[in-house]
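Subject: Structure handover

Hello,

Here is the structure I promised you. Please open it first, then read my notes beside it.

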There are 2 protein chains.
Amino acid sequence: MKISVVVTLKKAVLDPQGTTIMKALKGMNFNNVHEVRQGKFFEIEIEEKDKKKAEDQVSQMCDKLLANLVIEDYKIIGSQ
Amino acid sequence: MKISVVVTLKKAVLDPQGTTIMKALKGMNFNNVHEVRQGKFFEIEIEEKDKKKAEDQVSQMCDKLLANLVIEDYKIIGSQ
């Protein structure tokens, strides 16, 4: 089973990298961009047929390694 | 309108960072992980009511700045 997760900075945390990208886009004449926030994306291939169990395991991986829960949130966006 | 995009390495491109994460997960007793691939995630807030037009603009941003199309693919995964 392949699980996709997105790890993003929490709303209250500044994202200087995203701001830089936004400025670059504005410099390229994309003037209607208001905000850019960057995050991480993980595609995890796991040997587990049961969707619920696979997602539970991936949640544990995020809690323990993939996300820093002090400043980041994660969200499982797809399972296939 | 807020558009979410995921930028991933093409299938044929090696992902040493993902491999390292996979090894770390195995070391933490997640033994059924087969593969991890890491990518980037962007959330772009754009002043454009029309979904189609907003997505077209974000595609252009990816073509020009956010993705390196030689080694990366991108996919718009959500609009709201």
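Let's start where the chains meet. In this predicted model, 33 residues of chain B are in contact with 33 residues of chain A. Contact means heavy atoms within 4.5 Å.

Some ground rules. Residues count from 1 along each chain as its sequence is written, and chains are lettered from A, ligands numbered from 1, in the order in which they are written. Because the model is predicted, local features need pLDDT of at least 70 and side-chain atom pairs count only at pLDDT 80 or more, while totals for chains, interfaces and linings use all residues; side-chain values use heavy atoms, with hydrogens and water left out.

**The interface**

Chain B and chain A bury about 2900 Å² between them. Carbon and sulfur atoms account for 64% of that area. Buried area is the accessible area (1.4 Å probe) that two parts lose on being put together, summed over both. Which residues of chain B lose the most area to chain A? They are B:Phe30, B:Asn32 and B:Phe41, together 20% of what that side buries. Across this interface the rule finds zero salt bridges. A salt bridge is a side-chain nitrogen of Lys or Arg within 4 Å of a carboxyl oxygen of Asp or Glu.

Now look at A:Asn32. A:Asn32 sits in the loop between α1 (16-27) and β2 (33-46) of chain A. Helices (H or I, at least four residues) and strands (E, at least two) are DSSP runs, numbered from the N terminus. Is A:Asn32 buried or exposed? A:Asn32 has a relative accessible area of 16%, so it is buried. The cut-offs: buried is under 20% relative accessible area, exposed is over 50%, and partly exposed is in between (1.4 Å probe, protein chains only). Leaving aside neighbours within four places in sequence, A:Asn32 is in contact with B:Glu45, B:Ile46, B:Glu47, B:Glu48 and B:Gln57.

**Two copies**

Chain B can be laid on chain A with an RMSD of 0.0 Å. That takes a turn of 180° and a shift of 0.0 Å along the axis. The same surface serves both: 100% of the contact residues of chain B recur in chain A. Of the residues of chain B, B:Lys40 comes closest to the axis, at 2.4 Å (C-alpha).

**The sheet and its helices**

Six strands form an open sheet. Their order is β3(A)-β1(A)-β2(A)-β2(B)-β1(B)-β3(B), and the pairing is antiparallel. Which strands stand at the edges? They are β3 (72-79) of chain A and β3 (72-79) of chain B. Each has a single partner strand, so one side of each is left without a neighbour in the sheet. The twist averages 25° from one strand to the next.

In chain B, β1 (residues 2-9) and β2 (residues 33-46) pair in the antiparallel sense over seven bridges. Two strands pair if DSSP finds at least two bridges between them. B:Thr8 stands opposite B:Gly39 in β2(B).

Helix α1 (residues 16-27) of chain B packs on the sheet. This helix touches β2 of chain A and β2 of chain B, and its direction makes about 120° with that of β2(B). Helix α2 (residues 51-66) of chain B lies across β2 of chain A together with β1, β2 and β3 of chain B. It runs at about 155° to β3(B). Axes are lines fitted to C-alpha atoms, for helices over the stretch in contact, and angles run from 0 to 180 degrees between N-to-C directions.

**Salt bridges**

How many salt bridges does the structure hold over all chains? There are eight. Side chains of opposite charge can pair when their charged atoms come close.

- B:Lys10 with B:Asp73: the closest N and O atoms are 3.3 Å apart. B:Lys10 lies in the loop between β1 and α1 of chain B and B:Asp73 in strand β3 of chain B, so the pair ties together parts 63 residues apart in sequence.
- B:Lys40 with B:Glu72: the closest N and O atoms are 3.5 Å apart. This pair links β2 and β3 of chain B, 32 residues apart. B:Lys40 is partly exposed at 28%, whereas B:Glu72 is buried at 10%.

Best wishes

Conventions:
Copies are superposed by least squares on the C-alpha atoms of residues with pLDDT of at least 70 in both.
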